[in-house]
Amino acid sequence: MPPEPDPAAVAVPAVPYAFEMSPATTALVIIDMQRDFLLPCGFGALLGNDVTMLTSIVEPLGELLGAARAAGLMVVHTREGHRPDMADCPPAKLARGRLDTPIGSPGPNGRILIRGEFGHDIIEELAPADGEAVLDKPGKGTFYATDLELMLRNAQIRSLIVTGVTTEVCVHTTVREANDRGFECFVPADCVASYFTEFHEVGLKMIAAQGGIFGWVGSSLDLLAALGAGRPVLTTIQGA
Ligand code: TIU
C-alpha cells in the first residue's frame, strides 16, 4: 500500500522530477568525509588522486548539514575502514590494486583506513554533533555489514539525502543499496564528489536516468530553500 500523503512534505526541484520529502522521515547521510580521502597526504592522495576534487564540496555540505540540523533531520555520518586487526578486511580488498601503501600500512595520518587512526576520522569541518550516528563500514555501501537499515526503519525514515565521497563508488553503492530497500534517495550534485570528473558526471546521470532508476539528482541550494534555510535558486544540475 502506498504511504499516506504527508502534509509536511516539501517538493525539491530535481531531475527527473520534483523530489517530495518530509523532514520527519528524511535522513541526511554523509558518506566517508574522512581525512584519508580528503587530506593532501591521505590515502586518496597516495593513490595519485587530486584531493581538491573532493574538498570543493566541504563548504556546501557544511551548509546543508547546518540546515538539516536546524530542520531536525536525522543525520548519519559514515567512515570506511577496518578493525586494527583487519579481521573485517576481505583479502581481495587488501590485495586489490597491488598498492605500495595498502590498507593498514603506516602513513602520515596513521595506519591507512584503520579505525581509531587520525586519517580514518571525519574532517573537522563536518565533525559529527552529539547524538548523530557515526557508522563504521568495511565496504563501499553503507548498508553492507552495518546497522543502518535497522536504525532507519526504527526512526521511520523513508527518504535519504545522500552526500559525500566518492560519487561513483561509496555514494553510488549506497544509493543502489537504499533504492533496493525501498528508500527514496536525493543526491545534491554539489555535495558529492569524485577524483574523476567524468565518473562524477556520468554517475549522477545514471542515478536520475530512466525516470529516476536509482533516485533523484538536484542541488543543495534548492534543498536549503525547501528546508527553510535559503531562497529558491534556479540551478543547472551539472552532469544530470
Ligand atoms: N568512500 C569511497 O568512495 N571509497 C573509495 O575507495 N572511493 C574511491 O573512489 N576510491
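Mentor: Happy to! One term to begin with: buried means under 20% relative accessible area, exposed means over 50%, and partly exposed is in between, using a 1.4 Å probe and protein chains only. This is a predicted model, where local features need pLDDT of at least 70 and side-chain atom pairs count only at pLDDT 80 or more, while totals for chains, interfaces and linings use all residues. Residues are numbered from 1 along each chain as its sequence is written, and side-chain values use heavy atoms, with hydrogens and water left out.

Trainee: Thanks. Is Asp 32 buried or exposed?

Mentor: Asp 32 counts as buried, because its relative accessibility is 0%. Its phi is positive, about 55°, although Asp 32 is not a glycine.

Trainee: And where is Asp 32?

Mentor: Asp 32 sits in the loop between β3 and α1. Those labels come from DSSP runs numbered from the N terminus: helices are H or I with at least four residues, and strands are E with at least two.

Trainee: Which other residue has a positive phi, this time near 45°?

Mentor: That's Arg 98, also a residue other than glycine. Arg 98 is in the loop between α5 (91-95) and β5 (106-107). With a relative accessible area of 79%, Arg 98 is exposed.

Trainee: What about Lys 93, buried or exposed?

Mentor: Lys 93 has a relative accessible area of 18%, so it is buried. Its place is in helix α5. Leaving out residues up to four places away in sequence, Lys 93 touches Glu 80, His 82, Ile 103, Pro 138, Gly 139 and Lys 140. Touching, or contact, means heavy atoms within 4.5 Å.

Trainee: New topic: cores. How many residues are in the largest nonpolar core?

Mentor: There are 41, and the ones touching the most other members are Leu 28, Met 33, Leu 61, Leu 64, Ile 161 and Phe 186. A nonpolar core is a set of buried Ala, Val, Leu, Ile, Met, Phe, Trp, Tyr and Cys residues joined through side-chain atoms within 4.5 Å. In soluble globular proteins, nonpolar side chains tend to be buried together.

Trainee: Which element gives the most to this core?

Mentor: α4 does, with 6 residues. Leu 64 touches Leu 28, Ile 161, Thr 163, Pro 188, Cys 191, Leu 223, Leu 224 and Leu 227, not counting residues up to four places away in sequence. Another core, of 26 residues, lies apart from the largest one, and its members include Ile 31, Leu 152, Val 192 and Ala 208.

Trainee: Now the helices. At what angle do α7 and α8 pack?

Mentor: About 10°, with the axes of α7 (residues 167-180) and α8 (residues 197-212) 10 Å apart. Axes are lines fitted to C-alpha atoms, for helices over the stretch in contact, and angles run from 0 to 180 degrees between N-to-C directions. The two helices are therefore roughly parallel to each other, a term for angles under 35 degrees, with over 145 being roughly antiparallel, 65 to 115 roughly perpendicular and the rest oblique.

Trainee: Which residues of α7 meet α8?

Mentor: They are Thr 167, Glu 168, His 172, Val 175 and Arg 176.

Trainee: Last one: where are the cis peptide bonds you can show me?

Mentor: One joins Val 15 and Pro 16, with omega about 10°, and Pro 16 lies in the loop between β1 (10-12) and β2. Another runs from Val 165 to Thr 166, with omega near -15°, and Thr 166 is in the loop between β8 and α7.
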